[in-house]
Amino acid sequence: MTRPFSDPSVSGAARSGVADDGGRSLWSDAVSRLRRNRAAMWSCTFLTIVVLLCFIVPFFPIIQDPAVQDLSGRNASPSAGHWMGTDHLGRDLLARVLHGGRISILVGLVTTLVSLTIGVCIGAVAGYAGGRIDALLMRVVDVLYSLPFLIIVILFSALAKSHTERLTDGITALTGWNRDAVAPFTGLLPLFVAIGALSWLNLSRIVRASVQDLAGREFVEAARSLGLPHHRILFHHILPNAVGPIVVYATLTIPGVMLFEATLSFLGMGVQPPYSSWGVLIKDGADRMLSNSLLLVFPSILFVLTLLSLNFLGDGLRDALDPKSSRD
Amino acid sequence: MTRVILQRLLQGLLVLFVLATLTFFLVRALPYGPFQDERAVPSHVRERLEQLHGYDKPLVVQYAMRLGNLARGELGTSLKVMEGREVTAILAQAFPVSLALGLMAMLIAVPVGVAAGVIAAVRRNRVVDYAVMAVALLGICLPNFVIGPVLAELFGRRLAWFPVSGWEPRDLSFMILPAVTLGLGSAAYLSRLTRTGMVEVLHQDFIRTARAKGQRESWVVLRHALRGGLIPPVAYLGPAFAATVSGSVVVESIFQVPGIGRLFIKAIETSDEALIMGPVLIYGSLIVVANFLADLVQLWLNPRLRSNS
Amino acid sequence: MLELARFTAILMAGCSVLTGCRRETPVESANREGVLLVGNSAEPRALDPHLVTGVPESKILSSVFEGLVADHPSGDDVMAPGVAVRWEHDADMKQWVFHLRGDARWSDGEPLTAADFVFSYQRMLHPSLAAAYAPMLYPIRNAEAYNRDERGRMLCGMDPAFPLGWDILGNANFRGTDATSVASPATDDDDRTRLRREFAAKGLDRLDAAALRAILDDPDLFDWPDAVPAAVRGIVVGRLLAHAEAGAPDLFDRADVGVRARDPHTLEISLREPMPYLPSVVRHFTWYPVPRHVVLRHGAMTDRFTGWSEAGTLVGNGPFVLNTWRFNHFIEVVGNPRYWDAASVGLKAVRFHPIENPYTEARSFLAGQLHTTYTLPPELLGRMRERHPEFLKVEPYVGTAFLRLNVNRAGLDDPRVRCAISLAIHREDYCRYIYEGYQPAQGMTPDLASYRGPRMLRHDLDEARALLADAGYPGGAGLPSYAILTSRPHPVSDALQQTLRLLGLRVTIERKDWGSYIAAQQELRFDMAIGSWIGDYLDPTTFLDMWTRGNGNNNTGWDSPAYEALLREAALQPDTAARFATLVRAERILLEEMPVVPIAWNSRIYLHRPEVRGWHPLVLDNHPWKAVRLDP
């Protein structure tokens, strides 16, 4: 099948890639397109509220200390004192959910970013280069898929512990902050590495498939015939057209890694008690589903709504950034 | 074509070799060994066990012996979890269960996921789209350790439609709840990926041309758009398939399914090298084959690629 | 697409059939057939009584085997006749004679004799079998030397005609020492130094024929204590060499292990120390007989896992025989018609389901798939109390949950700090909210038989703070940060963290996977560790023996000569009351030194259907299956 050179995707790609001066108008176009997307705007508002609640409110004294136990007041129903009730050790659930949100949002975003970077690069190079490079990269991916991840985590968490402790001490000494406030975050570093390093595998295969598909299209042939260097063709012409699957898979990765964090936390990596994360709260809640279902319901609602918003925002962004979509 | 297959076969063997090597040394690097127990094993007993299983030899020698055995197709005997039993015999019992369950899960996930994705893409940015995507996202966000117990409690205990736990090889009723739990996540991923793939394709000119020619919309979607739209989900499907049929510890534990997943976790907990190696190699082979098949399907879905290679 | 349609059709048909006829639950049909459905936690590793160590295995073994003494359905301290009809002992409780019943048979019809017991104990103790639980048989005279393969001792020390007594000879290096401490004369060349070190590291008992010959040729290659004359050295090495050259034959008879078949129906057991509670001990599965003729048919005595204990091959002497073994599905045992008391066996069969996930087990129970569960998740206890009190069982159990302290750590090396930690724990609250259904620990050893421990655990935060200040750490100042090692997620670690913060201690929680958690404790790589211990038999020593020097289950780095002296003193006392009084004194030392902080005494918490009869609360939880009946 031959197509005329006036393929809209070519002109779109050419605008974003070759004619750089068109960037501003493209960006403002995108913003205005995003503004018109009601689902995306609602999601954006919701996310802002959640992030504000999780990251700022815990610093105000209205929220209780998430670690303080009150054994005789455990499993309490929601009340004026505890808006979401208390957990099995009498800790304020609202405080735990908000504090947990900080960890989970951080984990979700950072590890997804890491996995996005690695996955897109590997997948794009494999898909574009093809041949031996593709075979080599994809066989490495095959090996990484099949390695017993649990063993790596066990080994890595034993290895990383002393290092993160030294880092915590260093930061505490340098800044004079409370050690207990620093430790939950430095403790996450091995987690970022572990999840980030191995959650890019699916993404790389999806990017590779899309890039292979796009690399054969006419607008890429056109760019090649202009004599553009490979990296320019790949990153300015091909990848912008593969942004749909990439954004979608990235937004799918976030809930995955947030829940995975909980699994790793039980193996000693990631957030450690008394601190919590949404994943850990949901896991704890699932065990207590029959005795106090609120422990599962409240964290799950916030978790699901946040990720729902993130997905709609992701879809909106994708539509807004994709010049083709403006014509639909 | 024969050359491609042969090439991939060789590459696959290389993958398995690297995998076996890495697994062997990873297991041996664990901070605990197979001859330890919660209750201390007397040191003279431990020494004797190490001697019996060749653990007193230098690691490189053990590695060479292990590799030799594997090359002859001998997976060895379990060191701890089911001590003394041939790993092949153990896997012969557990793998068919995981395979059946995984296939069933995929039989549920693929049609549901693809159909939902197509519908959402066609009705893009309308209520149906949002509803389907919201449900899909629920499937992704609610982990199987939440969905499984809820399903078991609801359909197993309260309604008593299905058994809450257990497994009978030829009784479908035992398979439904674990398969649904296992397949739900994949269905959700597939629907999201199908939708994005379809949305990309539905923009393209040849679809407009087809529509302009007055072809029926459903025909346009199924005949022309689906091919291109399936490229992202197929890339995901390869590894997802391999992962699903090689056992899930969570689902097996919730529904008391005698599959590979739980055995594998127990093997890791006890550093049972032979019982770790077996499932890893099975999973590795599945990954190699599934990814090869996925590549072939992609080639078929995408005529341009075929002419290129 | 056709496949899909067919699949959907099957699915729909399946659903309608299911909803239509699933009226009878497995428990109801099992009640009719007299089959007991038991939740049994884990898949057994094997069913060879000599090679397994777990509780799930022990439940199954007790249905297919029977020891000399049997469990009683309603009293842990009642010794019911098993293979032995009666038994007697001498005045100092060291010589025991068990009279076996004349009609005892294996399930294949072969007669069961005292020789089978001798064979079993020899096999269990044989060094080559490498049975992890062999120490359970160490009360038998010389069993330990035989099991540890102490060749020098067996070949020379136990020979009454040997020119030198073991009290002197025993100081020679038989078991191997730290080789780096071996000094070598300046005249030695590198080769000799290497050999000397190697021999010293191995010790005489483990040297092979070549090494022994080398020593015989050149006696200087091995360091002897001066008290051992050169002539004796030659004899010792000569005997060891002769033994090695003969292919290291079995030394069971030579070692004079204290078990003997006087005649086919009389078994004599001689102990190294008085042991009034021997009948309670021999109920443990490690003391079961194994069928000599079947074991030897499948391989040598010392071969591990020859396949003699599989479905289809396993021959036992218990009330049931192994019928079906489907991995991770269930194990079924059915009535053994050749059992001596077959007439009083109340069940047709018992089916053991290896359900590890306690939530799944509870769900299966409530859905009518099990008669009795292995456990109940603590989160469900309150709900079951409310909704299903008729199913819930909470019974005392021989177990203690505790916190191990690594006494090598700075701060924790001071008993005052350790006692302060104990005083800070409000055990009543812990048992109300965290270890629900458990009893507040009043000592290390729960109440068992007539033993009552010193009961000196209290909660007093002020005293705890005062003790800490007294130790030089007022308000915890000057103490390092400690990590509580834990494996399975349990709220007790969170609670302890909060409790210890009340003392001003800085405490983190260190979660590890199961294997790493065990290894970290055994290698003393921890500060504090949550742990528990389940007793094997009905005597306080099952809780006290482990806190001794070199015991693999101690894992605290603590030891006390005074404590061990008292344990040794108690071991020599045949009178139970006097012995218990000594043990109370020993436990007092343990609790004063507090290397391990007892928190709660375990309970067995499980679900159980009321139609199961003949099932009574037992502290050891060994319910004899033959006494169980089902109301249809």
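1. Chain C brings 42 residues and chain B brings 43, where two residues are in contact if their C-beta atoms, placed from the backbone, lie within 7 Å. The model is predicted, so local features need pLDDT of at least 70 and side-chain atom pairs count only at pLDDT 80 or more, while totals for chains, interfaces and linings use all residues. Residues are numbered from 1 along each chain as its sequence is written, and chains are lettered from A and ligands numbered from 1 in the order in which they are written.

2. On the side of chain C that touches chain B, α1 (2-21), α14 (358-366) and α20 (514-522) each supply at least two residues. The largest share, seven residues, is that of α1(C). Helices are DSSP runs (H or I, at least four residues), numbered from the N terminus. By class, this side of chain C has 21 nonpolar, 14 polar and seven charged residues. Ala, Val, Leu, Ile, Met, Phe, Trp, Tyr, Cys and Pro count as nonpolar, Asp, Glu, Lys and Arg as charged, and the others, Gly among them, as polar.

3. Chain B has domain 1 (9-71) and domain 2 (91-303), with bounds from an automatic or database domain assignment. Their centres, taken over C-alpha atoms, are separated by 34 Å. In the contact between them, 11 residues of domain 1 meet 11 residues of domain 2. The domain 1 side comprises eight nonpolar, three polar and no charged residues.

4. A:Leu201 belongs to helix α9 (residues 201-215) of chain A. A:Leu201 counts as buried because it has 21 C-beta neighbours inside 10 Å; the cut-off for buried is 20 or more other C-beta atoms within 10 Å, with C-beta atoms placed from the backbone. Leaving aside neighbours within four places in sequence, A:Leu201 contacts A:Val141, A:Leu144, A:Tyr145 and B:Pro239.

Terms used: Buried ≥ 20, exposed ≤ 12 C-beta atoms within 10 Å, placed from the backbone.
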